[in-house]
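Biologist: I'm new to this one. Can you put it on screen and walk me through it?

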Amino acid sequence: MPKESSQSPRPAGVHRVVVIVDENSNPFELGCATEVFGLRRPETGRDLYAFGLCSPEPRTQMRDGFFTLTGVAGLEAADTADTLIVPNRPDVEVPRRRAVLDAVRRAHARGARLVGFCSGAFTLAEAGVLDGRRATAHWQWADSFRARFPSVRLEPDVLFVDDGDILTAAGSAAALDLGLHLVRRDHGAEVANAVSRRLVFAAHRDGGQRQFVERPVPDLPDESLAPVLAWAQERLDAPLTVSDLAERAAVSPATLHRRFRAQLGTTPLAWLTGERLALACRLLERGESRLELVARHSGLGTAANLRALMRRETGITPSAYRRRFGPEAV
């Protein structure tokens with residue numbers, strides 16, 4: 001396989017995502033990165049990313065010898081990345097190669113965005129770019145991480161952490177959550193929803209959700225929240241309450257709360273707010289400039305509440321979001 005085969009073409013102005021693959025890297029997270037950033041999305045009407053892999057060696061044996069990766073570019077490809085995804089491996093106590101750590105440091109120094117999936121936080125911390133920064137890692141390695149990197153502000157009980165130019169995901173499936181979060185951040189909620197539909201994966205799980213969600217064996221076969229979720233999504237502009245959701249599900253508010261925690265890892269109110277904010281983002285992406293109308297149609301009430309939630313969840317104002325992701329955006 002020629003080396004160029006691991007690199008997708010880079011149309012002018014398209015954000016380039018590069019994944020470093022190292023000895024004993026995990027295949028699943030590599031697959032997540034490829035699925036989210038490496039596939040063409042013709043349904044979006046534009047190229048979202050240019051994508052490539054690189055490795056410090058011509059032949060890289062993946063975790064437990066599952067397979068050997070060949071034909072990818074050398075580490076010099078990391079110097080072309082706008083977003084660099086660093087290696088994650090199960091052998092967290094084994095030091096990373098100096099060449100890999102140097103590539104991470106160079107990327108950070110020139111302002112590239114850095115991403116670590118699962119144990120990738122160890123790579124970032126070992127490179128020294130996480131000192132004084134927020135990060136997460138898989139819960140089973142939290143004690144080891146804290147012991148080795150006490151200057152990092154570890155948040156061990158969340159799905160992912162967005163600390164601006166450095167983002168970390170807690171575990172394997174959370175790599176998809178973080179990947180979709182980046183698509184949403186780069187291209188808006190409408191495009192992220194299109195990608196999530198292709199993945200048949202939840203469009204949005206907030207990064208602050210707990211890593212471990214209890215899933216007890218149900219006593220009855222009809223405890224799925226899907227019907228009440230679909231019902232609520234069609235009525236987001238209405239003054240829905242948790243009591244309304246519970247009444248629709250024919251359970252008490254306390255039982256509904258337990259089911260949301262067990263099945264979604266969040267509360268009914270947090271889910272409802274997140275869905276309303278996602279709808280508000282879609283309205284802004286379609287060019288709606290009247291914030292009071294956006295707030296009313298999405299069920300968020302007032303423009304002031306919309307502004308506060310947008311700033312909290314996206315870091316920018318509704319007007320800035322519309323300029324970035326609306327019809328006039330290039």
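This is a predicted model: local features need pLDDT of at least 70, side-chain atom pairs count only at pLDDT 80 or more; totals for chains, interfaces and linings use all residues.

Biologist: Where is A250 placed?

Modeller: A250 is in the loop between helix 8 (242-249) and helix 9 (253-264).

Biologist: And what is its phi?

Modeller: Phi of A250 is positive, about 60°, although the residue is not a glycine.

Biologist: Which loop holds N24?

Modeller: N24 is in the loop between strand 1 and helix 1. Its phi is also a positive value, near 70°, and N24 is a residue other than glycine.

Biologist: Is N24 buried or exposed?

Modeller: N24 counts as buried, because its relative accessibility is 18% and the cut-off for buried is under 20%.

Biologist: Change of topic. How many cavities of 30 Å³ or more does the structure hold?

Modeller: One. The space in the largest cavity comes to about 80 Å³.

Biologist: Which residues are closest to the centre of the largest cavity?

Modeller: V19, I20, L30, V86 and N88, out of 14 lining residues.

Biologist: Which elements give two or more residues to that lining?

Modeller: Strand 1 (15-20) and helix 1 (27-38) do. Helix 1 provides the largest share, three residues.

Biologist: What is the lining like by class?

Modeller: Ten of the lining residues are nonpolar, three are polar and one is charged.

Note on methods:
Residues are numbered from 1 along each chain as its sequence is written. Side-chain values use heavy atoms; hydrogens and water are left out. On a 1 Å grid over the protein atoms alone, a cavity is a set of points where a 1.4 Å probe fits but cannot get out, and a pocket is an open set with protein on both sides within 12 Å along at least five of seven lines; lining residues have an atom within 4 Å of a point. Grid points are joined across faces, edges and corners, and a volume is the space filled by probe spheres set on the points. Helices (H or I, at least four residues) and strands (E, at least two) are DSSP runs, numbered from the N terminus. Ala, Val, Leu, Ile, Met, Phe, Trp, Tyr, Cys and Pro count as nonpolar, Asp, Glu, Lys and Arg as charged, and the others, Gly among them, as polar. Buried means under 20% relative accessible area, exposed over 50%, partly exposed in between (1.4 Å probe, protein chains only).
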